[in-house]
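Good morning, colleagues. Please have the sequence and the model open, and follow along as I go through several elements in turn.

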Amino acid sequence: LVNIDDLVDKVLTGKVSYPGTKKSQNFTKAVSNWSEIINKERSELESTFSSPIGSQCISCEYRLNDAYNKGKALSGFDACWREATGIKQEDMGENKFVADIYSSTKRTLAKLLNENKYTFADLTAKDFGLNEDGAPLGDKKNKSYSEDTINNSQRQWLQVKSVQQQRTSSESSHYIMKKGLESEMGKWQYPLHLIDFETVSPALPYFSGMSPYDVVCFQFSHHILDQNHDGTVNVRHESEFIHTTPGECSNGPFLKALSNALGCVVSDGGTVFRWSSHETTVLKTILSSPKFSDSLSQQEVESLSALLPEGSHPMVDLCDVARDYFYVDGSGGSSSIKRLLRPTMNASAELKRFYGTPTYNSNNFQNLQWYQLDEVGNVINPYDILSRLDTDKDRSAIAVGGAAAAAYHTLQTNSDMSEQDRSYIHSSLLRYCELDTLSMAMFVQAWQAFA
């Protein structure tokens, strides 16, 4: 054990400053003040304290997504902004505060607040350095501007404009940089391989010989999207891997299974896709470790190395494709796969046609219909469908990445877990990871139809 009494004392007796304070306060005193304020009128959040709004609000932790708002939970973020601006909740409607602008900088937010621009309704294209057509103002085009891609300012204005036009989620509109997207997709070679990894990087290693925060790859899912002779496509869950045995590091078997799944790309052709840089970073890390890669043949090492950025068949990042060429209402401007999926399904007639009947089958799903509507006609997020598949009230289905990592931790550390519970978690992990790669296939299908 390490004695950290001195560090704790330093924190408790140290000074803390935060927005709205004119000078630093003793930490213990500040916590006591906050506690009194919160406990004073816990049920009426808006009247308990006054907090200045500003650039610090960009990283506010006390926001709520739509799912929570439906439950009428309180939002600390909304309370602060309504109090500071005098805007009532009933006057907001579909409007949003400027702190919700996608990927906004603290400098931009401070500028808007100094100009008394508090909501999306107060903004124009000029606030983003654009004209109404989305092109940069003036003769001098900024270096981030291209006629073939969507830059950050354009994405922000598309987000704001969609809210100003008060589009409902069932009326999702999309914006495609068609020329750029067609050029990108023209580089892809069938069959299209869609891959997703599940990993953990624990501070306290699970296995001997590993260091803090070393990555452990315990699962992947692999879909293939192929083209038929008549130009139509088919989607199948081609392979998967999961290794959760307590006390056994899965990195070596993971590499072997991944080589078996994707080794054909180098010899037979095709394009491999990921979403964001995670898969590339992880693969490069464990391939560079002899204790994991030594179990592979030279051919297997070469087939996996070919998927890295410097390789002959580098993986294509679909997140970059989405960010550069695609915007859809309801995504908040984000390129996160889970933020994009539902609004993309709302906007895509092709996804409605392809997934609108109970015909999806794999080892983990039988006769499932992924395109479903709620009682008011909006598409249900497939990850919500996933969470509803399990009817066991005593267990929660895995439907987010953090839950997958937590589930793996439980499998490694809970020696008292029953085989029934272990099997349930194992199955839930398989379903979750499969939906990740199926979602990637859905985006490719939607973009092909849009273009």
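F197 stands opposite F220 in β5. Before I continue, a word on the source: this is a predicted model, in which local features need pLDDT of at least 70, side-chain atom pairs count only at pLDDT 80 or more, and totals for chains, interfaces and linings use all residues. Residues are numbered from 1 along each chain as its sequence is written, and side-chain values use heavy atoms, with hydrogens and water left out.

Helices (H or I, at least four residues) and strands (E, at least two) are DSSP runs, numbered from the N terminus. Two strands pair if DSSP finds at least two bridges between them. β4 and β5 run antiparallel and are joined by nine bridges. Nine bridges also join β5 to β6, residues 233-242, again in antiparallel fashion. Within that pairing, D226 has N234 in β6 as its bridge partner. β5 and β6 form a hairpin with five residues between them, and G231 in the turn has a positive phi of about 95°.

How many of the 12 residues of β5 are buried? The count is 10, so the strand is mostly covered, where buried means under 20% relative accessible area, exposed over 50%, and partly exposed in between (1.4 Å probe, protein chains only).

Let us turn to helix α11, residues 278-287. Its buried residues are E279, T280, V282, L283, I286 and L287. An α-helix has 3.6 residues a turn, so residues three or four places apart point the same way. The buried residues of α11 pack against several elements, including β4 (192-200), β5 (216-227) and α9 (251-262).

Next, L158, which is placed in helix α7, residues 152-164. L158 counts as buried, at 12% relative accessibility. Leaving aside residues up to four places away in sequence, L158 touches I150, Y175 and Y327; contact means heavy atoms within 4.5 Å. L158 and V328 are 170 residues apart in sequence, yet their C-alpha atoms are 8.6 Å apart in space.

Finally, I draw your attention to S428, in helix α19, residues 419-450. Is S428 buried or exposed? S428 is buried, since its relative accessible area is 2%. A polar atom of the S428 side chain lies 2.9 Å from the backbone nitrogen of I398.

Notes:
A polar contact is a pair of N or O atoms within 3.5 Å; within protein, one must be able to donate a hydrogen and the other to accept it, and residues adjacent in sequence count only if both atoms are side-chain atoms.
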